[in-house]
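Let's read a model together, one feature at a time. Have the sequence and the coordinates open as we go.

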Amino acid sequence: MGKKKSKKEEKWLQEAAERMEEKGTEGAFTAWCKRHGFKGVTQEAINLAKKIAKERGDTTLLRRAIFAENARKIAKKR
């Protein structure tokens, strides 16, 4: 059997969503995707964002893309 996760480890996604809402950045990556011709957050959009972010050294865009990718992975598991 695997190691049991603490409550804090289980709630990281919810806490991140709350922080985004408080900061007013909720939906910022979706808006970026739409500005770049995508219908929403897709794996193709994530890959493009990661590539552009690395080229430009844009850590904010890179963090948003990685977060979106991780959130998609979690959503697929459910």
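Predicted model: local features only at pLDDT ≥ 70, side-chain atom pairs only at ≥ 80, totals over all residues.

Q: How many helices and strands does the protein chain have?
A: Elements here are DSSP runs, numbered from the N terminus: helices are H or I with at least four residues, strands are E with at least two. The protein chain has 5 helices and 0 strands, so the order from the N terminus is α-α-α-α-α.

Q: What does "buried" stand for, and what share of the protein chain counts as buried?
A: Buried means under 20% relative accessible area, exposed means over 50%, and partly exposed is in between (1.4 Å probe, protein chains only). Of the 78 residues in the protein chain, 21% count as buried. As for the surface, accessible areas come from the Shrake-Rupley method with a 1.4 Å probe, and for residues only the protein chains shown count as cover. The protein chain exposes about 6,300 Å², and carbon and sulfur atoms supply 51% of that.

Q: Which residues make up the largest nonpolar core?
A: The general idea: in soluble globular proteins, nonpolar side chains tend to be buried together. A nonpolar core is a set of buried Ala, Val, Leu, Ile, Met, Phe, Trp, Tyr and Cys residues joined through side-chain atoms within 4.5 Å. Here the largest one has 12 residues: F29, W32, C33, F38, A45, I46, A49, I52, A53, L61, A65 and A68. The elements giving two or more residues to this core are α3 (28-35), α4 (43-56) and α5. Of these, α4 gives the most, with 5 residues.

Q: How do I read a helix face, and which residues of α3 are buried?
A: Look down the axis and check the arc, taken from the directions from the helix axis to the C-beta atoms. In α3 the buried residues are F29, W32 and C33. They fall within an arc of 100 degrees, so they line one face of the helix. Those buried residues pack against α4 and α5. The face of α3 turned away from its buried side carries the exposed residues K34 and R35. Just after α3, G37 takes a positive phi of about 90 degrees.

Q: And α5: which of its residues are buried?
A: L61, A65, A68 and E69 are buried in α5. Seen down the axis, they fall within an arc of 100 degrees, so they too line one face of their helix. What covers them includes α3 and α4, while T59, R63 and K77 are exposed on the other side of α5.

Q: How far does α5 reach from its first C-alpha to its last?
A: The expected span of a helix is 1.5 Å times one less than its number of residues. With 19 residues, α5 reaches 27 Å, close to the 27 Å expected at 1.5 Å a residue. Helix α2 (residues 12-23) has 12 residues and reaches 16 Å, close to its expected 16 Å. After α2 comes G24, whose phi is positive, near 80 degrees.

Q: Is E69 buried or exposed?
A: E69, found in helix α5 (residues 59-77), is buried, with a relative accessible area of 13%. Contact in general means heavy atoms within 4.5 Å. Not counting residues up to four places away in sequence, E69 touches Q43, I46, N47 and K50.

Q: What about K50: which residues does it contact?
A: K50 lies in helix α4 and is buried, with a relative accessible area of 19%. Leaving aside neighbours within four places in sequence, K50 is in contact with L62, A65 and E69.

Terms used:
Residues numbered from 1 in each chain as written. Heavy atoms only, no water.
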